[in-house]
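Thanks, everyone. I'll keep this brief. Please have a look at the model on the screen.

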Amino acid sequence: MAGQYSKMMNEFKTYWQYYVFQSIAATVTIFVLLLVVSIQEKPVIVASIGASTFIVFAMPGYITAQPRNLVGGHLVGMSCGFLASLVPLQHLLPSSVALSLLYALAVGISIFIMVVIDTEHPPAAGTALGVAIAGFSVKILLTVLVSIIILSSVHCLFRHRLRDLT
């Protein structure tokens, strides 16, 4: 335990400027994102974008942080969530069972598609769930699109200044 703490402190002392810069950059990016999309009424969608922000700034070299995965994963998650929200399963099953099944299918199918088309981005499964719960709306569509465009643009702009912090 003491050895792990010592290693962690040595790494922080060596790379502290990356920790500070990337945390500030993540804060500014999510702040701008929240101002631009003004999504206070759909917090369930924003949670997955927050998780994506973590991946982009704390793990920028990971495949899941790459724009292809970020954009592709959220597009898959959003599409699966929208489709699940349109299925009228509540007429066949008790409401809570039908909704739980639809939400679960949105997540499961989004994972399947992301893996098959090689656009894995774990927070996008949260997007699928959030969109399935919230239902289709142009505001959600724009929120997700603007968010992933901003995050992937920031990742590309700062890729040479970002370091994996995990």
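**One buried methionine and its helices**

Met 78 is buried, because its relative accessible area is 4%, under the 20% cut-off. Keep in mind that this is a predicted model.

Where does Met 78 sit? In helix H3. What does Met 78 touch, once neighbours within four places in sequence are set aside? Its contacts are Thr 127, Val 131, Ile 140, Leu 141, Val 144 and Leu 145. Met 78 and Ala 132 lie 54 residues apart in sequence, yet their C-alpha atoms are 8.3 Å apart in space.

Now the helix pair. H3 covers residues 67-86, and H6 covers residues 138-158. Their axes are 9 Å apart, at an angle of about 170°. So H3 runs roughly antiparallel to H6.

Who makes the contact? From H3 come Pro 67, Leu 70, Val 71, His 74, Leu 75, Met 78 and Phe 82. H6 answers with Ile 140, Leu 141, Val 144, Leu 145, Ile 148, Leu 151, Ser 152, His 155 and Cys 156. By class, that contact has 13 nonpolar residues, 3 polar and no charged ones.

Last item: H1, residues 2-37. H1 has 36 residues, but its end C-alpha atoms are only 45 Å apart. A straight helix would reach 52 Å at 1.5 Å a residue. Where is the kink in H1 centred? On Tyr 15, with a bend of about 80°.

Which residues of H1 are buried? Gln 22, Ala 25, Ala 26, Thr 29, Ile 30, Leu 33 and Val 37. Remember the general rule: an α-helix has 3.6 residues a turn, so residues three or four places apart point the same way.

Definitions and conventions. Residues are numbered from 1 along each chain as its sequence is written. This is a predicted model: local features need pLDDT of at least 70, side-chain atom pairs count only at pLDDT 80 or more; totals for chains, interfaces and linings use all residues. Side-chain values use heavy atoms; hydrogens and water are left out. Axes are lines fitted to C-alpha atoms, for helices over the stretch in contact, and angles run from 0 to 180 degrees between N-to-C directions. Helices (H or I, at least four residues) and strands (E, at least two) are DSSP runs, numbered from the N terminus. Angles under 35 degrees count as roughly parallel, over 145 as roughly antiparallel, 65 to 115 as roughly perpendicular and the rest as oblique. Contact means heavy atoms within 4.5 Å. Ala, Val, Leu, Ile, Met, Phe, Trp, Tyr, Cys and Pro count as nonpolar, Asp, Glu, Lys and Arg as charged, and the others, Gly among them, as polar. The expected span of a helix is 1.5 Å times one less than its number of residues. The bend at a residue is the angle between axes fitted to the seven residues ending there and the seven starting there. Buried means under 20% relative accessible area, exposed over 50%, partly exposed in between (1.4 Å probe, protein chains only).
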